[in-house]
Structure formats: structure tokens, C-alpha cells
Amino acid sequence: MCGIVGFLDRQGHRPRPTGRVVLAMLEALGRRGPGGAGIALVRDSPAHGVWQIRVSSKRPDLDLSCVEHLGGTDRESATRQGDTLKFTLTPDPGVTVDEIERALVLGGCQLHVVCLGERLDLVKQVGSPSALEATYGVSSWQGPLAIGHTRMSTESRIDLDHSQPFWAHGLADVATVHNGHITNYHKLRRHYEHRGVRFATDNDSEVIGVYLRDRLDRGRTLVDAMADSLDALDGSFNYLVASPEGLGVVRDRHGFKPLMVAETGHFVAVATEEQALRKALPGDYRVVEPRPGSARLYPADVPALV
Amino acid sequence: MSTTDDPTLTLDCDTLATREIHRLIRARVAEAGSARVRLIHPAARHNLGVAMPEGVHLTIEGPAGYYAAGLNDGSTVEIRGGVGWGLAESMRDGTVVVDGDAANAAAASIRAGTVVVRGNASTRAGIAMKGGTLIVGGNVGPAAGFMMQKGRIVVCGDADDGIADSMYEGTIFVGGRIGQPGSDVVEEDVSEAERGEILALLERWKVPAPARFRKLVSGRALWNFRKADLHVWKSAL
């Protein structure tokens with residue numbers, strides 16, 4: 001079943017932290033999936049040239065020796081939260097996201113990269129949204145937009161790495177959440193693996209980020225890549241994209257899964273069930289179901305209303 | 001206690017579980033023979049006003065979630081807001097009026113009665129209807145009236161692709177533009193008598209009528225299997 005939520009602030013000055021809004025929406029959908037919960041947030045101000053990296057690891061120490069040849073790491077800033085470790089890395093000129101991830105995963109550290117980017121933070125774990133708050137304190141997170149997920153696992157393992165959101169591996173600052181089932185996942189996965197892409201999990205939802213990354217590498221814009229996915233992905237899918245560009249909302253051509261959207265001058269909010277919007281965002285606003293086969297990007301840089 | 005001096009029962013969703021709300025309404029009907037009920041603070045909760053019996057007049061003061069007034073058993077349910085999936089699904093009889101928009105599958109499989117959506121209805125409005133009337137004041141999304149078996153749909157606005165796809169029987173009237181129609185759809189002329197009937201229906205429910213209507217019915221070509229169509233079936237399955 002799963003529940004997905006997304007929130008984009010259009011006011012600039014936020015009466016409530018974006019993290020709190022998204023957490024409230026997720027809590028309202030908690031019973032759609034007790035298997036895991038997660039939130040990905042785009043932060044306000046980028047730390048230019050500094051990548052914030054979160055990895056999952058149960059080991060108490062943080063061994064960053066495998067990436068030290070790729071840039072400067074700040075051991076002092078490294079923090080442990082739940083089963084993740086977060087640290088910063090200032091990459092040397094020319095170092096790519098792929099090189100960093102490859103070094104962390106294969107270079108002796110044996111870590112799973114949860115997210116990477118100048119503005120993206122992404123946390124997830126097995127259990128309820130309330131447990132997520134207890135571990136990560138997401139309700140104080142500030143930023144223009146965030147997406148969230150409550151998981152009911154149907155096919156792949158229940159653990160942190162298989163929970164959502166998924167960072168779009170190889171693409172800094174982009175994450176997705178998905179409700180549904182990508183039925184041509186194995187075909188797509190074989191296609192990409194032949195071309196050298198390394199999948200981090202067995203979860204079909206991971207392929208959405210892989211697909212978007214591939215399209216962007218081929219020169220498509222994010223919104224075009226989302227539109228392309230309507231034909232390339234089979235099955236039932238509503239997925240949301242968090243990117244510094246904005247909040248992406250995509251529905252499959254048949255509208256197999258429910259999704260409700262509210263768009264006002266102050267915010268854009270999306271959830272699998274309208275009651276999540278009503279719980280998190282009081283007020284009188286219209287909530288509609290987007291047309292099936294639509295891919296829309298709500299830009300993050302809308303100027304604040306006067 | 002007669003219907004006229006029966007005071008309105010106000011129930012608050014903030015303090016009552018859905019099951020308790022329905023139990024209280026049923027208790028009132030059992031005691032008084034009828035019940036006028038206001039439901040406040042619905043906040044898009046699911047399954048509100050489900051299987052309400054005759055004699056109930058329920059007003060939901062705000063948006064309702066999925067399956068609002070589903071399995072309606074003869075009651076009148078008014079919703080002062082929008083609704084989610086499955087409005088009045090499988091209604092036996094009664095009246096359901098929505099002031100706002102409806103999500104997927106409004107009036108799915110209803111057997112009789114009337115469903116009015118003053119705003120837009122999303123995908124698959126009136127899917128598999130087995131009777132009754134669905135009126136949509138605005139537009140309908142793709143596949144409205146899909147596999148409809150009986151009854152009537154009146155769309156005052158535009159109809160998206162796939163309208164009336166594979167319908168067995170029934171009639172669909174569309175006031176606005178029609179996208180790509182579904183399989184086996186035939187357009188017929190609207191008689192003066194039909195036109196008068198529809199205008200009276202819209203006036204009764206205070207839904208603004210468009211200048212003209214088009215009428216869609218089943219071409220009945222899918223009723224029976226024809227050997228000549230074998231290749232189509234093979235490719236479809």
C-alpha cells in the first residue's frame with residue numbers, strides 16, 4: 001500500500017518548519033505502512049562545494065580512509081544518528097559523485113550511501129514516523145521542500161537500506177518516493193546493469209532514481225525526464241521527486257494509485273490521502289486528484305507573495 | 001417523534017470514531033424513525049456515512065475521504081466539500097450530493113438513486129453503474145462510464161479520453177468537449193423529450209446546464225463474440 005507525501009513552501013518565511021509539516025502528514029498515513037518511514041528534505045542554503053553525505057552503518061566508528069584521497073573530510077563534523085553516520089566532504093576538483101560512492105561502497109569501508117548533496121538530507125528507518133522523529137528530530141528541519149514515505153513492504157527486505165525515500169544514486173541532491181509497483185523493474189535493472197550501473201538494493205522503487213539520472217545524463221531536463229518515465233516505467237506508480245529545482249509529482253497513465261494535491265499561493269502539498277493534508281495544513285483550500293499520465297514539477301524558486 | 005420536530009443531531013469527528021458515529025446515527029433512526037445529522041470537522045476522514053438507511057439526512061460539513069456514503073442504503077448525504085475515491089460506491093438507493101470535486105470512481109457500481117458532483121469528477125466516474133443517475137457539474141476524467149451496464153450519466157463540462165468504453169447499456173450525456181471516446185461507443189441524437197428531462201433534472205439539483213448535449217450509447221458490438229474478431233482478442237490477451 002505505502003503512503004507518500006510531499007510539501008513545497010511558497011512563502012519564504014515559514015510559520016512551521018517543513019520537517020514538522022511533512023512529519024504530521026506522514027503520521028496521518030502511518031497505518032498505510034508500518035514497515036518503514038523516511039523523509040528527504042532540500043535545505044535552504046547550500047554549502048557551496050561541500051557535500052553532506054549520510055551513510056548507513058551499525059559500526060560505532062567512522063572510517064573515512066577510503067575517500068580521503070578524493071577530497072577533504074571533516075571528522076569533527078561527523079555525527080551518528082540511529083544507524084546512520086553523517087559527515088561532510090569537500091571534493092577535489094573533478095571528483096564525481098559516482099567516484100565518492102564507489103569508494104565508500106567498494107573501497108574497504110563497505111558502507112551504503114543513504115544520500116549525498118549540497119542541500120539534500122535524507123533519513124529513514126524501520127518503524128513508524130514517530131520513531132523517525134525520535135531518532136532524527138526531523139520536525140525542526142528547515143527547507144523549501146520535502147518528501148516522505150511510509151512503507152508497506154511487498155517484495156524486498158524490511159531494513160533501512162530498502163526503505164524510502166531513495167536517493168537517486170549518482171545524482172547529487174535528488175531523491176524520490178514511490179507508491180506502487182514497477183512491473184518492468186527486472187528488465188530495466190538488467191538494462192542498466194549491462195551498462196555498468198550498480199544497484200544498491202532489491203527494491204523496485206530504486207529504479208526510478210536510476211532512470212531519472214540516466215535521462216539527465218543524456219541532456220534531458222528533470223521535468224522532461226519525469227515525462228519520459230510515463231512511457232518507460234510499467235505498472236502502477238505515483239512518485240514524487242525532491243530536488244533543489246522543485247517538487248516533482250508523477251502519476252502513471254491509468255491513475256492506478258490514489259494521490260491528492262493541494263496548490264495554493266502559500267504551498268503545494270501532496271499525499272496519498274487527503275486527510276494527511278487536512279491534518280498537517282489547516283485552512284480552506286481545494287484538494288484535487290491530478291490527471292493520470294501527468295508529470296509536473298512545481299518550481300522551488302517561486303518568489304514569496306507580497 | 002415525528003420527522004419535523006426531530007432536532008438535528010450534531011456529531012463531531014474530532015471526538016468520535018467513525019464506527020461510533022454510524023452507531024449513533026443508526027440508534028437515532030431506530031428510535032425516531034428518521035434522523036437529521038450534521039457531521040462537523042470531517043477533515044477528509046474515510047468511510048463517513050457508509051451504509052446509512054432510509055430516513056437519514058446526513059450533512060458532512062467539510063471534505064470527506066475515501067468511500068464517503070458508500071453502500072448507501074436509501075439515505076440522503078450532502079457533503080460540503082470534496083471527496084476522495086469511491087464516492088457512494090455500490091449504493092443501493094438514495095441521494096448523495098457533493099459540493100466540491102470527486103476523486104476516482106465516483107458512483108461506481110451504483111444500483112439506483114442519484115449522485116450529484118457539483119465540481120469535477122476524476123477518473124472512472126460511474127464505472128460499472130448498474131442503474132441510477134450520476135450528474136457531474138464540471139468535467140470528468142478518463143474512462144467515465146467504463147463498462148456501465150445501466151443508468152444515466154450527465155456531464156455538464158468536458159469528458160476526457162475513454163468515455164463510455166465497453167459499456168453494455170445506459171446513456172451518457174456530455175455538454176462540453178469529448179476526448180477520444182472508448183471502444184464501441186455510438187453517438188445518437190438527443191430527442192426533445194430527453195433534453196427536457198435532463199434540463200429538469202439539472203434544475204432540480206441546481207446545476208447550471210450547458211447550451212447543448214451530446215448523447216453516447218453502446219454500439220453493442222462487444223455483446224457477442226465474433227470469430228472475425230479472434231485476432232483482436234488474441235492480441236488483447
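This is a predicted model: local features need pLDDT of at least 70, side-chain atom pairs count only at pLDDT 80 or more; totals for chains, interfaces and linings use all residues.
Residues are numbered from 1 along each chain as its sequence is written, chains are lettered from A and ligands numbered from 1 in the order in which they are written, and side-chain values use heavy atoms, leaving out hydrogens and water.

**Exercise 1.** Describe how domain 1 of chain A and domain 2 of chain A meet.

Solution. Begin with the bounds, which come from an automatic or database domain assignment: domain 1 covers 3–45 + 120–299 and domain 2 covers 47–118 of chain A. Next, count contacts (heavy atoms within 4.5 Å), which join 22 residues of domain 1 of chain A to 22 residues of domain 2 of chain A. The two domains bury about 1,800 Å² between them, 51% of it on carbon and sulfur atoms, where buried area is the accessible area (1.4 Å probe) that two parts lose on being put together, summed over both. Of the area that domain 1 of chain A buries against domain 2 of chain A, A:Tyr136, A:Trp167 and A:Arg198 supply 28%, more than any other three residues. Finally, there are four salt bridges between these domains, a salt bridge being a side-chain nitrogen of Lys or Arg within 4 Å of a carboxyl oxygen of Asp or Glu.

**Exercise 2.** Is A:His162 buried or exposed, and which residues is A:His162 in contact with?

Solution. A:His162 counts as buried because its relative accessibility is 4%, and buried means under 20% relative accessible area (1.4 Å probe, protein chains only). Leaving aside neighbours within four places in sequence, A:His162 is in contact with A:Arg151, A:Ser156, A:Arg157, A:Thr201, A:Asp202 and A:Asn203. The side chain of A:His162 reaches the backbone nitrogen of A:Asp202 at 3.0 Å.

**Exercise 3.** Work out how many residues of each chain take part in the contact of chain B and chain A, and name a salt bridge.

Solution. The contact takes 19 residues from chain B and 19 residues from chain A, and the chains bury about 1,300 Å² between them. In chain B, B:Tyr66, B:Trp85 and B:Asp101 lose the most area to chain A, together 35% of what that side buries. Two salt bridges cross this interface; the side chains of A:Arg291 and B:Asp160 meet in a salt bridge at 2.5 Å, N to O.

Note on methods. Buried means under 20% relative accessible area, exposed over 50%, partly exposed in between (1.4 Å probe, protein chains only). A polar contact is a pair of N or O atoms within 3.5 Å; within protein, one must be able to donate a hydrogen and the other to accept it, and residues adjacent in sequence count only if both atoms are side-chain atoms.
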